[in-house]
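Trainee: I have a new model open. Can you show me how to read its rings and strands?

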Amino acid sequence: MKKFTGIVLVYAIILSSCRTTDDGNSGNWKLWYDAPAKNWVESLPLGNGRLGAMVFGNPAAERLQLNEETLWAGQPNNNGNPDAPAAIPEIRKLLFEGRYREAQDLATKKVVSNTNHGMSYQPVGNLNLSFAGHEKAESYYRELDISTAIATTRYTVDGVEYVRKTFASFPDQVIVVRLTASKKGKISFTAGFDSPQKTETLVQNGDLILKGISGSQEGLEGKVNFTALTRIVPEKGNLTASTANVTVSGADAVTIFLSMATNFVNYRDLSADADKRAAGYMQGVARKDYSKIQSDHIAYYQQYFNRVKIDLGTTDSIRKPVDVRILEFAKANDPHLAALYFQFGRYLLISSSQPGNQPANLQGIWNDMMSPPWDSKYTTNINAEMNYWPSEVTNLPELHQPFIDMVKELAVTGAETAKRMYGARGWVLHHNTDLWRTTGPVDQAGSGMWPSGGAWVCEHLWERYLYSGDKEYLAEVYPVMKGAALFLLDFMVEEPSHHWLVVAPSNSPENSFTYTYRGKQERSTNAYGTTMDNQLLFELFNNLISASETLNIDRNFADTLRQTVKRLPPMHIGQHGQLQEWLFDWDNPDDKHRHVSHLYGVYPSCQISSARTPELFDAARTSLNYRGDPATGWSMGWKVCLWARFLDGNRAYKLITEQLKLTEHAKTAYKGGGTYANMFDAHPPFQIDGNFGCTAGIAEMFMQSHDGAVHILPALPDIWKNGKISGLRARGGFLTDIEWENGEVKTVKIKSSLGGNLRIRTSVPLQLTDGERLNPASGTNPNPLFKTYEIPAPIISEKAKLNPPDVKSTQEYDMPTEPGKEYVFTRL
């Protein structure tokens, strides 16, 4: 294939999309390339929340790799281990005697699931389009326009320009492919399915149909039936069919509709008719013309995408393909690529998480393997939660709902597991779940023996309330949060040294420590009273106390929680000046582990800040410095968030350059954590949470609202001297528009949806646009949605050397606001 024979034509296409719109939102939201995808992580993702497609863009052999969000291995089940109750006392005894490895081995044998370790998310298969004679295409160009959620492939063969447009329609719930040519009668191809599943392919009334059933796993028979139905509508020309293929000859244009469905109703019910569902979607779209289908799709998508606009400026780098821009990013001046990556994260969340659907899993909704890495499940010790970090702040709150719905379902299945495994009230979640909402510990005790997942997912329930102020919603989710707390109240035990209440057994997610027992050094992951567990419990219990006060309910339970909080271990600062990851000073400064779980209190929680807890702030920052910058892709996304919370924009930007490092591509020998050519996050392999984590981190660089005020430009890097971003949401129901020049605030517009006190924090003095002076803030913010909790004083090692936070000084102002009104501030 000749890539750029028509270089003038291709550059004209690129330059036409590089304009900056009048609203300041850079108009080029396109991932474009000068060659087809050679592998899956170069193909382009499309999705409508329920259906996913990866588009390869090969002129002679187009491949659409297909997913439907409820196509998983296995069937409804509960994987709790009934042997656990008898083993837990002995495991705790071993832990408190310092015999950690023995305790871990016993937990693997007696507590980890003895039925299955969760099921795999699986593909439907591929729709293949074969175009004879298109092997020698010229003037090749392909793109994913994330402002419209449409993928386009364009090329020329024998003087004829061919264009393919593909999208996953949100309102019509089908995947649509539109084929056109610059000359009439030139479109000819053959369509067929293939699949790694047990399937049959047939043709009925001209429609191409793939039917199958999901795979079995760990002895659990697959029982998800699925149907993929393709209808090909040519304009003129001929359509012929064989037993397993459909061929179009001599058409002017062609529209292809692809409908997919399963028999899944909910995590306990597989009684739907996949054939009828697929046919129903097809029947609905068949009554509409293509232009209406496309315009409805764009309108639906843009109601989400257009809420946030960002302009960091553009340079000549925008004229290069995205894979080249990623390769050069660390050394180039390409602010637009960071903005594109930010918006791409929002695009992926819109495309993989829609109200009423399943939440985005470890790979969103995109997967081409029967046994994908980590089964592409929901890993709840960081990854599933990270998927939803951008949802509230980047103005996509409706897309948070699938995750919240899953938490409600986990509260049901987790109650069964809590009773069966631990004889406890409430509900439990360990470090993984799947479509069937399994909640038992899986894999092995080193990672699976972590019963604190319920506390973490409940943080999302509370955060949603802080952004919305919706008390009816809070009353709805309060019982779920209470159930998570009830389990932990029953599960916690008193440790022998200080008589603190601790979670035992547990782990600091997936990290291990070295300890000495009877003069011998050993390593273990299972422990008790880990810092992250203590932070999770402190947060959940205090959130429930606040919810009880807000709703004026459950006072006795709130009193129980208050007394329990007093008995939780405080945070510890160790001999290296670090925030201890464990209850004991086991941290190794050379540890580069991908998880930084003990920094949960910095982000996504809000227990550590430069003003309120300066010693903990410095210790946590020291811990992150010890961990280093390069890591797995998702870990670097978390570190962007953390450095933003440490108010260090330049270090956060450095992490962005580490994450935007091209990996596993022909243009580089690098194989580590970073970004694939299609901008998917690379662990490696692909994990989508890194995309979402970095998007959230970039938002935190521009605006934060967790620490008692709306902080404007808290972590702006020097390299982004000028820019603007609008539409970011702050807690308290505030919507922000921010513009800056020479690294300092120029204008801030804040719209209040709820009213109440607005406390605004900046590094420069502000005034209202009419010149009116603002009132300096004093005391605690009276707005209850900005409430912060008093953090117990840490226990500090005598060997620790601490430093002051050394952050930029700020001013704070208070302004009473009214619902629906906008307030404009300028630099004084």
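Mentor: We will take aromatic rings, then charges over rings, then strands. Keep in mind that this is a predicted model.

Trainee: How many aromatic pairs does the structure hold?

Mentor: It holds 44 aromatic pairs. To read one, check the distance between ring centres and the angle between planes. Take F264 and W436. Their ring centres are 6.1 Å apart and their planes stand at 55 degrees, so this pair is tilted. The reason lies in the cut-offs: under 30 degrees would be stacked and over 60 edge-to-face, and the rest count as tilted.

Trainee: Where in the chain do F264 and W436 lie?

Mentor: In distant parts, 172 residues apart. F264 is in the loop between β16 (253–262) and α4 (274–286). W436 is in the loop between β19 (432–433) and α11 (445–448).

Trainee: Are F264 and W436 buried or exposed?

Mentor: Both F264 and W436 are buried.

Trainee: Which residues do ring pairs link into a cluster?

Mentor: Follow the pairs from ring to ring. They link F96, Y100, F513, Y515, Y528, W582, F584 and W586.

Trainee: Now charges. Which charged ends sit over the rings of Y33 and Y290?

Mentor: Look for a charged end above a ring face. The charged end of R142 sits over the ring of Y33, 4.5 Å from its centre. R178 does likewise with Y290, its charged end 5.1 Å from the ring centre.

Trainee: On to strands. Why is strand β9 described as largely enclosed?

Mentor: Count buried residues. In β9 (residues 175–181), six of the seven are buried, so the rest of the structure largely encloses this strand.

Trainee: Which strands pair with β9?

Mentor: Strand β8 (residues 160–168) runs antiparallel to β9, joined by seven bridges. Y162 has A181 in β9 as its bridge partner. The two strands form a hairpin, with six residues between them. In that turn, Q173 has a positive phi of about 60 degrees. β9 also pairs with β16, again in the antiparallel sense, over six bridges. There, L179 has V254 in β16 as its bridge partner.

Trainee: In what order do the strands of the five-strand open sheet come?

Mentor: The order is β29-β30-β34-β38-β36, with mixed pairing. Now check the edges. β29 (703–704) and β36 (775–776) each have a single partner strand, so one side of each lacks a neighbour in the sheet.

Trainee: How many bridges join β29 to β30?

Mentor: Two, and the strands run antiparallel. M703 stands opposite I712 in β30.

Terms used
Residues are numbered from 1 along each chain as its sequence is written. This is a predicted model: local features need pLDDT of at least 70, side-chain atom pairs count only at pLDDT 80 or more; totals for chains, interfaces and linings use all residues. Side-chain values use heavy atoms; hydrogens and water are left out. Rings of Phe, Tyr and Trp (its six-membered ring) pair if their centres lie within 6.5 Å; planes under 30 degrees apart count as stacked, over 60 as edge-to-face and the rest as tilted. Helices (H or I, at least four residues) and strands (E, at least two) are DSSP runs, numbered from the N terminus. Buried means under 20% relative accessible area, exposed over 50%, partly exposed in between (1.4 Å probe, protein chains only). A charge sits over a ring if NZ of Lys or CZ of Arg is within 6 Å of the ring centre and within 35 degrees of the ring normal. Two strands pair if DSSP finds at least two bridges between them.
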